[in-house]
Amino acid sequence: MKKTISVSSSSATLDTNRRNFLKLSGVGLAIAGLALVGCNDDDDFTIVDGNVFDLGKGDVGVLNYAYALEQLEADFYTKVVNNFYSGISNDEKTVLTDLYNHEVIHRDFFKAAITGAAPNAILPTLEFQYPGVNFSNRASVLATAKALEDTGVAAYNGAGKYITNADYLVLAGKIVSVEARHASAIRDLINPKSADFSGDDIVTAMNGLDAAKEPKDIVAAAGPFIKTPFTWKERGI
């Protein structure tokens, strides 16, 4: 966990015309009809060194990985909406509140899903910290949101190949599409009406695909924010 997320502090202005797609009704959580299945014995969750948790093996490990990331995003936006930065407009409040609601739903769904499928394998509630983030400053909050959302999309894209249950794969695909909308919305707030919403720093110009990163790279990048230690030995973390 030594790498850091690069956070820009460049100024930005608000585009008030691009937020309707963020309504909670548009998420639908894409969970209706999802059949949760029990995990195999090989998917047991373990405690290492008395205090450090391992995410587990197989699908339960991937679910716990996603749960950890959704905990982080939900925690970040909770802090944002509980004390909005200075000078925030009503439109920006609405956008950030929508993102907060989405991430809380995602977090709570993964908690319920893992509890139902593998009740002895659920990752505990994590603690987070935000070194260098000024929650009273617009540029700092939006830059951090951008980094978290871009990282979240790359995390789902990179972990998809490790999912074996088709229902979980469908769910991950539906959630990552919402995360990508979040990333685009934040980028548009920072640089409105520009190509940055799908900039070539995140979308490959050659094939038009979003970035995909391995779990070990994602955890290393998010490491400064994660206060509670955990491991995922199956993925070299």
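Glu234 has a relative accessible area of 34% and is therefore partly exposed, a class that lies between buried (under 20% relative accessible area) and exposed (over 50%), as computed with a 1.4 Å probe on protein chains only. The model is a predicted one, in which local features need pLDDT of at least 70 and side-chain atom pairs count only at pLDDT 80 or more, whereas totals for chains, interfaces and linings use all residues. Residues are numbered from 1 along each chain as its sequence is written, and side-chain values use heavy atoms, with hydrogens and water left out.

The partner of Glu234 in a salt bridge is Arg235, with 3.9 Å separating the closest N and O atoms. A salt bridge is defined here as a side-chain nitrogen of Lys or Arg within 4 Å of a carboxyl oxygen of Asp or Glu. Arg235 is also partly exposed, its relative accessible area being 24%. Under this rule, 7 salt bridges are counted in the model.

Among them is the pair formed by Asp108 and Arg107, whose closest N and O atoms are 2.9 Å apart. Asp108 shows a relative accessible area of 39% and is accordingly assigned to the partly exposed class. Arg107 falls into the partly exposed class at 25% relative accessibility.

A further salt bridge joins the side chains of Lys216 and Asp217, with an N to O distance of 3.6 Å. For Lys216, the relative accessibility amounts to 45%, so this residue counts as partly exposed. Asp217, at 30% relative accessibility, is likewise partly exposed.
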